[in-house]
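The following exercises concern a single protein chain. Please work through each task before reading its solution.

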Amino acid sequence: TIADNVGDNVGDVAGMGADLFESFAGSIIASIQLAEEGVSFFDGDVDTNEIDGYHFIALPFWIMGFGTISSIIGIFLVRTGDDNVRADKLQSVLLWTIRRGIITSTALS
């Protein structure tokens, strides 16, 4: 029935969102682990007074933070005006609003 199909689609979308979050969190954890191992591996080659390794471990968090903030700004930029647009120009207006958000998010990150 229609309700079963809608429920299946909602479940599929929720599952994809969970998979994306798991990949996102997993890549951050892997980056932190690699940074920690890299600092401990090169510990003998660098002066510990200048490099303590914490900024390497914090780098994935900074990248994630800047990306999240730029994505939120891009979401707020995807807005159309209250103008009445002709039907033949509607698709180009809508696509330009999406492009504006994507371009701004890309430039900020």
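A residue is called buried under 20% relative accessible area, exposed over 50%, and partly exposed in between (1.4 Å probe, protein chains only). The model is predicted: local features need pLDDT of at least 70, side-chain atom pairs count only at pLDDT 80 or more, and totals for chains, interfaces and linings use all residues. Residues are numbered from 1 along each chain as its sequence is written, and side-chain values use heavy atoms, with hydrogens and water left out.

**Exercise 1.** Determine how many helices and strands the protein chain has, and in which order the elements run.

Solution. Helices (H or I, at least four residues) and strands (E, at least two) are taken as DSSP runs, numbered from the N terminus. On this basis the chain contains three helices and zero strands. Read from the N terminus, the order is α-α-α. As to burial, 9% of the 109 residues count as buried.

**Exercise 2.** Describe how α2 and α3 pack, and state which residues make the contact.

Solution. Begin with the axes, which are lines fitted to C-alpha atoms, for helices over the stretch in contact; angles run from 0 to 180 degrees between N-to-C directions. For α2 (residues 54-77) and α3 (residues 87-108), the angle is about 160° and the axes are 8 Å apart. The two helices are therefore roughly antiparallel, a term for angles over 145 degrees. Next, identify the contact, defined by heavy atoms within 4.5 Å. Helix α2 contributes Ser70, Ser71, Ile73, Gly74 and Leu77, while α3 contributes Thr97, Arg100, Gly101, Thr104, Ser105 and Leu108. Finally, sort by class: Ala, Val, Leu, Ile, Met, Phe, Trp, Tyr, Cys and Pro are nonpolar, Asp, Glu, Lys and Arg are charged, and the others, Gly among them, are polar. The contact of α2 with α3 then comprises three nonpolar, seven polar and one charged residues.

**Exercise 3.** Locate the salt bridge and classify the accessibility of Asp88 and Arg86.

Solution. The criterion is a side-chain nitrogen of Lys or Arg within 4 Å of a carboxyl oxygen of Asp or Glu. The structure holds one such salt bridge. Asp88 forms a salt bridge with Arg86, with 3.1 Å between the closest N and O atoms. Asp88 is classed as exposed because its relative accessibility is 57%. Arg86, with a relative accessible area of 52%, is also exposed.

**Exercise 4.** Place Glu36 in the fold.

Solution. Glu36 belongs to helix α1 (residues 2-41). With 40% relative accessibility, Glu36 is partly exposed. Glu36 and Phe56 are 20 residues apart in sequence, and their C-alpha atoms are 7.5 Å apart in space.

How values were computed. Angles under 35 degrees count as roughly parallel, over 145 as roughly antiparallel, 65 to 115 as roughly perpendicular and the rest as oblique.
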